[in-house]
Amino acid sequence: MPKLIIDSISVEVADGTTVLEAAQSVDIPIPHFCWHPALGKAGACRVCAVKLVDGPVKGIQMSCMLPAQDGMVVSTTDPEAVAMRRHVIEWLMINHPHDCPVCDAGGECQLQEFTIAGGHGIRRYTGSKRTHVNQDLGPFIAHEMNRCIQCYRCVRFYQEYAGGTDFGVMGSAGKVYFGRFQDGQLESPFSGNLVDLCPTGVFTDKTARFRARYWDYEMAPSVCQGCSLGCNTTPVARYRELLKTTARQNKAVNGWFICDRGRFANNEVNDPQRPRTPLVDNRESSRDEALDALLLRIAQIEEQYGTGSIAIVGSPRLALEGALLLPLLAQCCSAGALCYFTSQEESDTTLFLTGLLSAERSASQQDVRKSDCIVICGCDPLQEAPMLALAVRQAWRNGGVVYVIGDGIDLPCTFTTVASLDAVPLADAKQPVLICSAANRPDLLAATLKQQTHLKLAVLFPEANSFGAAQLAMAQGAISLERAVASGTIKGIISVEADIPPQLLAGIPFVAALDWRLTEAVRTAQVFLPTTAWVEMDGTAINHEGRAQRFKKVMHPGLPLRGLGPAVHPPHIHRSTPPGGDPQPAWQIVALIIAGLSGERIAEPFSERWKRLRELEAESEGVMTHDL
Amino acid sequence: MEQILFRHNRPGRCVTFAEYQAEGGFAALKKGLSSMSPDEVQQVVIDSGLRGRGGAGFPTGKKWSFVPRNLTGPRWLICNCDEMEPGTYKDRILLEANPYSLVEGIVLACYAIGVRHAFIFIRRGYEQAAANLRRAIAEATAAGLLGENILGSGFSCDIDLHLSAGRYICGEETALMNALEGKRANPRAKPPFPAIKGLWGGPTVVNNVESLANIPYIIAHGPQWFKATAATPEAAGMKLFCISGHVANPGCFELPLGMTLGEIIDGPCGGMRPGSSFKACLPGGASTPYFTKEQWGVPMDFDPVAKAGSRLGTGGIVVFDQQTCMVAATLNLVTFYARESCGWCTPCREGLPFVVHLLEQIEAGQGSEEQITILRDHVTYLNNAFCALAPGAMGPVDGLLRHFEDEVRAHISTGKCPCRN
């Protein structure tokens with residue numbers, strides 16, 4: 001544990017910590033471009049210069065390259081260090097085009113910040129600037145090489161961290177070029193992280209280009225709903241449009257990055273065809289009319305078919321708040337079935353696998369990254385949950401061995417194909433992780449876990465809240481909709497963000513749907529009430545490990561300005577909500593229905609064992625829910 | 001004058017294997033492998049005072065001793081023949097005349113450090129030298145002096161010749177190792193030093209051609225003999241000096257270390273060209289600060305040259321006469337370095353072109369006083385680059401500002417280059 005002094009502050013850090021990190025630990029900022037917590041040091045940019053005034057090392061040193069040692073006395077404000085950093089900025093600005101007004105990174109650019117902070121103001125170089133030809137890197141990422149300051153972050157991430165091979169560094173001296181051999185879409189499923197990593201505007205999000213400045217952004221900490229991993233994100237919105245999504249750090253979960261599938265997933269939220277208006281028998285109506293109609297129809301169905309003829313159907317993508325209220329709703333309308341899953345098979349496997357996952361057994365993405373032995377069985381992480389494949393690569397980079405049972409899958413690392421789990425030396429491994437999905441043979445899995453007590457399990461569920469849905473289904477004795485319908489007693493379905501296949505809806509006299517997606521249930525519903533997408537509400541999802549994570553409201557729901565024609569915009573009628581602004585979080589609508597049916601008003605969805613989640617902070621590592 | 005490396009030279013052609021052997025070649029190898037332990041070989045080299053001939057002048061035997069002992073796994077020796085320093089061509093002259101001393105030296109070095117496999121990393125343009133080395137390696141292998149179980153000693157050693165793709169930075173030992181591994185030739189961070197973690201992560205020694213070629217003679221004749229060939233008691237051995245520029249007789253000469261600059265120029269070089277007088281020289285290749293007439297009497301050995309404010313470097317002396325514009329000469333040198341930067345770190349990649357730009361303006365008569373300040377800033381702050389390329393490139397600029405500031409000022413005040421009409 002070396003002890004050192006930085007700017008007269010005493011710091012004690014763990015062995016191997018760099019001076020830069022030691023300074024950060026006591027909130028002393030040191031400029032840096034090439035250093036990145038996930039990518040480590042490179043020593044390329046030279047902007048993190050500090051002066052060592054006493055101790056085992058003396059003089060100007062790069063703080064990112066220097067391990068902290070006992071007795072070091074470091075000054076970040078020494079005139080010589082300040083001058084060095086100023087010169088580095090001057091050198092970087094020699095060729096930087098200074099096109100901030102037309103650059104999408106303007107306002108969220110590290111180069112801007114450190115140029116201001118570094119004290120370089122007047123350009124002394126009078127020659128011409130170097131220019132590059134840009135490449136078309138596909139529909140998601142814009143390339144503007146002239147802005148490049150050669151920090152090498154992009155190539156270090158793309159090739160080393162993510163294992164991509166179609167993008168790299170070419171040329172030398174003043175002509176270093178970061179790109180592909182020829183134009184073409186970046187092949188890596190993690191390419192979008194270049195946008196987050198680039199300290200200036202070489203890589204910008206093409207889907208959000210020229211739409212807003214940093215200070216216009218509506219932002220909030222959120223959680224990706226693309227799969228069950230629950231990677232942390234910061235979506236960015238403006239004018240009721242989800243512009244882009246950036247990665248948010250969570251050491252236990254996604255680390256610093258997210259996958260492209262989660263990043264470039266704006267279309268559904270922004271879709272002009274998205275159902276945003278309450279409908280009764282396909283007529284637009286007000287929210288109150290739709291609610292009244294729903295209550296009336298529920299009463300009619302009960303009257304006509306008797307109690308127990310209604311099924312309340314939630315789903316593994318429904319946020320936990322809504323899912324928690326469904327049992328009460330089922331009770332209020334004397335439902336014949338409470339369902340969290342539509343298919344019997346999904347219900348069976350999800351419930352079974354959830355049952356295997358205790359707090360000790362669950363492998364987080366961090367556990368996978370730290371593992372020395374990983375077995376992938378019956379699933380394809382790169383396709384189903386790309387960030388888990390990236391975590392597997394990090395384990396492999398640290399010397400871990402990766403085994404795959406069966407064939408036909410690809411990973412961004414080298415792996416050994418084995419016939420069965422017996423061929424894997426699990427007993428020799430320190431922290432083995434088994435990655436599987438709902439497609440696995442449950443009996444074999446249980447037997448293996450019984451034998452290998454130190455084996456951790458990472459299960460890939462299909463949806464963001466599969467784990468939560470399964471926990472509730474188990475506790476409430478819920479059944480699958482498939483089974484409920486098969487009984488023949490179900491005459492009415494209230495679908496709460498459920499994806500119900502047409503064959504289960506056929507022949508059901510009454511369907512009501514609450515959703516923000518245009519699902520089959522929404523299409524057939526006699527009563528429809530629009531709900532908010534995850535970026536339009538505060539909510540909670542329980543990820544594949546059983547970790548509850550809070551996401552916050554990023555934007556108000558409403559038809560994006562971009563989707564408005566001159567007929568409706570600017571608005572000529574006074575209204576208190578924006579066009580398409582009717583959606584409410586599903587749980588609030590469910591609470592209104594409950595109030596309508598029973599008179600009970602619910603202001604807080606978390607009760608009893610879930611109370612602890614009331615205080616869950618979005619910017620935390622989340623809470624494990626196994627033992628709540 | 002007694003010659004060490006050049007003793008086998010034949011006029012106009014390369015010495016043959018038979019001639020080299022007949023004149024005592026490979027005797028040192030036999031002696032070393034049959035009667036000396038690896039530690040003894042290493043100790044003799046340490047005692048000889050041999051300092052690396054590639055430019056930095058680090059004691060060769062000491063470098064070997066840094067390789068950890070009792071370490072399993074492969075270790076490597078690399079002979080650095082990527083001679084790309086402007087004004088330096090000694091290794092080419094040596095290998096075109098005699099590749100055998102190098103082969104013999106490499107085997108002895110490998111024996112001393114316990115290396116099974118050595119590489120010669122040779123500059124792409126050195127086709128004749130490469131051909132000579134290929135032949136020498138084949139002949140030595142055929143004669144049982146290289147390969148499996150050399151001379152029945154139980155020691156085995158192979159040499160691979162690797163043709164560089166051709167960048168100046170490949171001469172930097174860690175960039176060289178990256179290039180050899182098939183990666184971009186960017187230097188690596190030190191520590192870890194190559195002797196601990198080098199090629200493919202194994203302990204690695206990188207030695208210059210001339211350093212290794214001297215080993216057989218040190219083993220054959222002993223450390224005291226080698227030491228005594230120098231001109232001063234402090235120096236050790238002979239050195240290949242390659243002199244170019246405005247001297248009457250430019251060329252590569254093997255001279256005792258410690259001869260003064262004046263003795264070298266007036267002696268083997270035959271003085272300046274008719275009509276030329278000495279203005280300045282680069283004492284040790286393009287990355288060393290200039291010497292002027294003031295340093296005429298400085299002994300050309302590592303420490304005295306360093307004390308006089310420059311570096312002995314590779315021993316590539318480039319002489320300029322009174323008509324040379326030192327700004328233009330410096331500009332020429334820095335242009336080379338700006339082009340040869342690997343592009344890894346900011347000071348080198350961006351700073352050197354800035355210096356080129358400043359010198360271009362001054363040379364074109366468009367300079368200003370402020371630019372002298374900026375040049376001085378660069379001499380200071382380019383020292384904080386990732387590797388030694390940028391600080392080396394600023395050597396001539398440093399010399400220019402130290403010795404020829406008046407000449408720089410004259411460019412600025414008159415608005416033109418005073419050396420041109």
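Author: Let us begin with domains: the bounds used here come from an automatic or database domain assignment. The model itself is predicted. In chain B, the division gives domain 1 (17-228), domain 2 (238-321) and domain 3 (326-414).

Reader: How many residues do domain 1 and domain 3 of chain B bring into contact with each other?

Author: Two residues are in contact if their C-beta atoms, placed from the backbone, lie within 7 Å. On that basis, nine residues of domain 1 of chain B touch nine residues of domain 3 of chain B. The domain 1 side of this contact comprises six nonpolar, one polar and two charged residues. The C-alpha centres of these two domains of chain B are 35 Å apart.

Reader: What does the assignment give for chain A?

Author: Chain A has domain 1 (3-77), domain 2 (128-270), domain 3 (279-347 + 468-564 + 583-624) and domain 4 (362-454). Between the C-alpha centres of domain 3 and domain 4 of chain A the distance is 35 Å.

Reader: How compact is chain B for its length?

Author: Chain B contains 17 helices and nine strands. Its radius of gyration is 22 Å, close to the 22 Å that the globule rule gives for 421 residues, so chain B is as compact as a globular protein of that length. The C-alpha trace of chain B spans about 75 × 45 × 35 Å along its principal axes. Of the 421 residues in chain B, 56% count as buried. Among contacts in chain B with a separation of 6 or more, 71% join residues 24 or more positions apart.

Reader: How is a pair of packed helices described?

Author: Two packed helices are described by the angle between their axes and the distance between the axes. In chain B, the axes of α3 (residues 38-48) and α9 (residues 209-221) come within 10 Å and cross at roughly 100°. That angle makes α3(B) roughly perpendicular to α9(B).

Reader: Which residues meet where α3(B) and α9(B) pack?

Author: From α3(B) come Val41(B), Val44(B), Val45(B) and Ser48(B), which meet Ile215(B), Ile218(B) and Ile219(B) of α9(B). By class, the residues of this contact are six nonpolar, one polar and no charged.

Reader: Which helix supplies the largest share of the side of chain B that touches chain A?

Author: The contact between the chains takes 24 residues from chain B and 24 residues from chain A. On the chain B side, α13 (326-340), α14 (346-363) and α15 (369-381) each supply at least two residues. The largest share, eight residues, belongs to α14(B). The chain B side as a whole divides into 11 nonpolar, six polar and seven charged residues.

How values were computed
Residues numbered from 1 in each chain as written. Chains lettered and ligands numbered in written order. Predicted model: local features only at pLDDT ≥ 70, side-chain atom pairs only at ≥ 80, totals over all residues. Helix = DSSP H or I, 4+ residues; strand = E, 2+ residues; numbered from the N terminus. Rg over C-alpha atoms; globule rule 2.2 N^0.38 Å. Buried ≥ 20, exposed ≤ 12 C-beta atoms within 10 Å, placed from the backbone. Nonpolar A, V, L, I, M, F, W, Y, C, P; charged D, E, K, R; others polar. Axes fitted to C-alpha atoms, helices over the stretch in contact; angles between N-to-C directions. Parallel < 35°, antiparallel > 145°, perpendicular 65-115°, else oblique.
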